[in-house]
Structures are given as structure tokens and as C-alpha cells.
Amino acid sequence: MTPRHHTQAGIRVRAVSRSFGGFQALRDVDLDVRSGELIALLGPSGSGKTTLLRIIAGLESHDTGSVEIAGRETTGADAGAHGIGFVFQHYALFKHMTVADNIGFALRMRKAKKTLIATRVAELMALFRLDGLAARYPDELSGGQRQRVALARALASEPELLLLDEPFGALDARVRQELRRWLRRLHDDLGVTTVFVTHDQEEALEVADRIVVMNAGRIEQVGTPEEVFGNPANEFVMTFLGNVNVFHGRVEEDRICVGGLALTDPQLATRVGGPGSVAKAYVRPYDIEVEPQRSSESAVAATVAFINPVGSNVKVELVTADGESVLVELDRERHRGLGLVRDQRVYLRPRAATVFPNEGLDYSI
Amino acid sequence: MARRSRPGEGAARPVVIGVAVAWLAVALALPFASVFVAAFADGVPAFFAALSTPEVRHAALLTCLAVLSALGFNVVFGVVAAYAVERTRLPGRGVILTLLDLPIAVSPVVAGLMFLLLYGRQGWFGPLLETMDVRIVFALPGIMLATIFVTLPFVAKEVVALLREIGPAEEEAARTLGASKAQTFLHIVLPNIRWAVFYGSILTAARALGEFGAVSVLSGNLIGKTQTMPLYIEQAYVNYQTTAAFAAALPLTLLAVLTIVAQKALARLGRRNGKESR
């Protein structure tokens, strides 16, 4: 069976703000979603990502600004008026209806012909691997099956836009992994513009074309997974995506000096002030070389505190002479070669760093 | 699994159970049995004779009308009020919630007096009603009004609690799937709250059947005219017509038992239904 190609819609969000009582959920948010894109809204809880999704869906109104879907402005709180499929965090399946009735709901509401509903429902049940479950009720399904029913229901009326709120949040890790890849394939097959909310950076990095990193009601950065991970716009994005070590230092010419270390960042000049200014250097755990002997001036002594050999990389926690804790990731081969043991004294040499000015970091995770 | 001993376990246990059973027997089973005994004290024919007088039949009719009016009004009002309180941003939602506590807090006799003060001949709206030739006090509308007032909270409060528990997600889902507000209410809200409405209705019916105070004040207790079953029973009893009083009391007692059984059955169904939401 060939899946239908959905018509696609882009989204244009301009200067949207929303507050609930005294809580400012969104502050002056601008966002463009191109048609056919798969976008992740990523951020900690309370960052406004779900509010933004609900405003796009018309489930929530916005105080100021405008939202356009496929060129039509939405006035807020008019869900259902524009072809949007929405998948709720806990699925929100109609528990008094069978799987088939759930999936056919949108078509029944617009009074489609019974035969048409039956064909479309059967088609979706096959596409979403729900065969044989037509007469079941939601409480008789597994978590993964409920999730697929919710998706099938949202796609039944062939929406231009698919919105998903923490789609995999309530599932266990194995099912989540599987559904993630499957969502990506589904999106590629159907081509429907898709926006999903997640607090799981791994999920966003793995699935999305572009990631919108949100924090405290603002968008911190929009970019491809490579862009936001490899070239973070600010400290928040740097620390929210993946593990990172932070060193406090002072700028000297084209370098930042941290204790005995001199670190370089190609964008140092554009990001921080001139020589003498205080800055922070962020170093990813896999960008630190561990050496048994001091091989250069720019290395800092540290003691191995903890070794976690589980996973594709070996994670080593070390403590520097200043008492700062540093996380290092080594590939298995390098780790075998070094033969590290606890309390061993080694030298750390960062290979790359990202430097930000030493300003107060305004976020909460 | 290791069980930790709780109060009421061990040596004290038989004593606690014994006291509870004895108390139930004295407070519930014995009075209940005594109604049967007294109703049939003069034999079965006397029981049926006592139940077939015109006064009893009229009282039963009035009680039925009171129950039906309370059910009809409260199912509609309860659902609408609960929906307004839980699912809209209408101003005055807090006021509705407070008003729902009023009939429980206020003594039924006082409630009856309040209506008398409003709609009685000397009341605020008395002259107006008289010119329009509408009788509320000492007439059927008064009985219905009193019954509706005392049963006002039962359906509404059940539905409020359920709507709050299940949350708006299913309704929002229906809206995103293109359902209008009316369709959402019909296809999603009503099926979801049906057990709460049934449950509240049973409580309403039970309360309406037995209401004495408010009805007594507002109806004027005119024999064969505005006398409901509870009023009839009380009057028969104070007039030493013991058989008549207990014969009339028996159907009310049986209905009460039926109510409790139905209530328990529904509570179980409702629980199972509630589980499906998670």
C-alpha cells in the first residue's frame, strides 16, 4: 500500500508572547517552519515549548504577535479550523470508543460517507501496524499501540501539519528508540510538515531536520543538529546539548588561559571582549586528551576519580589540582592503551574549546 | 510480603468486629426490621388497605412528581453548571461552586422558610405572583422547588469532580480533529461523564424521596392536596395510625435499600470506567 502524500504547510510565528497569570511562558518568539520539515522544539520543562506547540495548534491563544499556517493567519484558540493533526502527550484517546472509532473520528465529525471512513480507517490501521485491533478499546492496548492509534487518528483527515507533544515521553526506552526511527521514516514517506516537542536532546538530535532550542520562554537557537551541537549560539545551548566541561579563564591575545592551559577557539574574537577580559571555556568530554606524562606546556595535572567503562565510549571522571572535576570520554582502544586505574595521576590536554564571555547563565534544567 | 500489625489486629480484632456488628444491628438492622414488623402488625390485608387509601395514593403521586422534577432539573442543571465551572472561563464560576454547598449547609427547614419569604403571600414576589395567578407556596410548584433546592448539589458535584479528574485532553483532541463544540460535548463529554450523572441521579432520587423539612414548610401539608409520602407518614404516626404510617414507610425503606445497592454497583462500574482513563 502506498501512503498518501499530504499537502504541506509552513508555519510563520512572529513576536508571539503568552503569559499565564504572572508566569511568562513565551517572550516575543519568532519562528519559521518550512513546509515538509521535521522540526523539534527542545528545551527544559517550563521553557515554553509545549505552549508554543499548543498556540500553533490553536489550543491556546497568544497575547501578542501572529501565527500563520500555510499563509493563513490563525486567531488563536480555534483548534480544528485549520488542517492540523495533534498527538497529545498521553495520547488522549477516546476511551469509550474502539480503535477503529478513534481513528475514524475526524471523518465522522465532518460527516464523510461510511464506506469512505471504513476504507480510510482500514488503510491507516495497516499503515500503523494495528491490524486485528479494530474492536479493542484503548485500555486494552500497549503503550506503543496507543501511541500509533493516536498518530493514525491525527492523520486520518490528511492534515497539512502534524504536531506532537512529547510523543515518546510515556514509553519505555526500547519502544521509544524504535518509534523514533519509525517517526522519521513516516515523515519521509508522508512528507507532512511535522513539529514535535521534546526535552530529550538525543531524541531531537536523532530525528529532526532542524532543532529549535528553547529556554525560559525564548528561542535560544534554531539550526540543524550539527549546527546546534557543533556551533552552539550561547552557553545555554552548549550546556543543554550533551555533557560539557567548563573552565574559567582570562583572554590573552587569541587564546584563553585557564590555569596552566592555553585554549584556542576560532571564534574567540567575535564572542568575547579583548585581552584581559574574563571568559568561560567549554570543552566537550571527547575533546580532551589524556596523557600519562606531561607532553606539552598546555596540560593540566589531574587524578582519576571514577571510571565508567559501560557504553561505546569509556567515561572517566578526574579531579584537577584545583579541585575541579572534569569529565573525559575516551574510545575503548585509547582507554585500553592508557590502562587507567583509580587515583592515577595523569595530564589533560584539551584539543578544542568553545569560549563565551563570563556572564550570568540564566536558565534552569 | 510482610504485614505490619495495625490497630484492630491481633487480640483486639474480634472485639472491634463484635462492637461494629452489634452497633450495626442496633442502629440499622433492628430499626429496619421493625418497619416490616409494624407494617404487617395487623396482617397483610390491613397493610394493603392502608396503602390503597386516596390520601396515600395522592401522597405517592406527589412524591413521584417531586422526585421526577428534581431528577429532570438537576441532571440538566448539574451537567451545565459542572461544565461551566470546569471547562469555561465564565465569570462567576466560584459563585456557582459556593452556591452548590448552600443546600448542604443550610437546614432544609430554613431553606423552606427562605422560599416562603420570597414567594409566600407576604413574600417579596408574593403580590406579583398573585396578580399573575401563579401559586408556588402551598402547591405543587412549591414542593418541586423545595425538592430541587435540597438536591441541587448531588449531580453537579459528582460531575465537577469527574471533569476535574479526567482533564480536558480528550475534548481538546476532539477539537483538533475538527469536532465543533456541540459535537465535542455530545460525543466526548457526555459519554465520559455518564456514570457521574447516573450516580448523582441516584443520590438525588434518594434525597428527593425522603425530603421532609423544606417540603413541609413550603407545601403547607394539606392532606390529599400537598402532602408527600414523608409528610403523610409523619401525620399518620402522630395520629396513632401506626399501621398506616409503617405501611407507607415500607416502600420508602425498600427504595432506600435499592438506592444503596444501585449506588454501590455504580461506584464499582464508575471505578472500572475511571481506570480506563489512565
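This is a predicted model: local features need pLDDT of at least 70, side-chain atom pairs count only at pLDDT 80 or more; totals for chains, interfaces and linings use all residues.
Residues are numbered from 1 along each chain as its sequence is written, and chains are lettered from A in the order in which they are written. Local features need pLDDT of at least 70, side-chain atom pairs count only at pLDDT 80 or more, totals for chains, interfaces and linings use all residues, and side-chain values use heavy atoms, with hydrogens and water left out.

We can begin with the meeting of the two chains. On the chain A side, 23 residues are in contact with 22 residues of chain B, where contact means heavy atoms within 4.5 Å. The size of an interface is often given as the accessible area lost when the parts come together. Here the two chains bury about 2000 Å² between them, 58% of it on carbon and sulfur atoms; this buried area is the accessible area (1.4 Å probe) lost on being put together, summed over both parts. In chain A, the residues that lose the most area to chain B are Lys95(A), His96(A) and Met109(A), together 34% of what that side buries.

Charged side chains also pair up across the interface. Two salt bridges are counted between chain A and chain B, each a side-chain nitrogen of Lys or Arg within 4 Å of a carboxyl oxygen of Asp or Glu. Lys95(A) forms a salt bridge with Glu170(B), with the closest N and O atoms 2.9 Å apart. Another salt bridge joins Glu172(B) to Arg54(A) at 2.5 Å, N to O. This pair links helix α8 (residues 169-176) of chain B with helix α1 (residues 49-57) of chain A. Over all chains, the structure holds 27 salt bridges.

Turning to chain B, its secondary structure comes to twelve helices and zero strands, which are DSSP runs numbered from the N terminus (helices H or I, at least four residues; strands E, at least two). The C-alpha trace of chain B spans about 70 × 65 × 30 Å along its principal axes. A nonpolar patch on the surface includes Phe32(B), Phe36(B) and Leu254(B) among its residues, and the whole patch has about 760 Å² of accessible area. Such patches are made of residues with over 30% relative accessible area and no salt bridge, with nonpolar side chains (Val, Leu, Ile, Met, Phe, Trp, Tyr) joined within 5 Å and like charges within 9 Å. Leu254(B) is found in helix α12 of chain B.

How values were computed
Accessible areas come from the Shrake-Rupley method with a 1.4 Å probe; for residues, only the protein chains shown count as cover.
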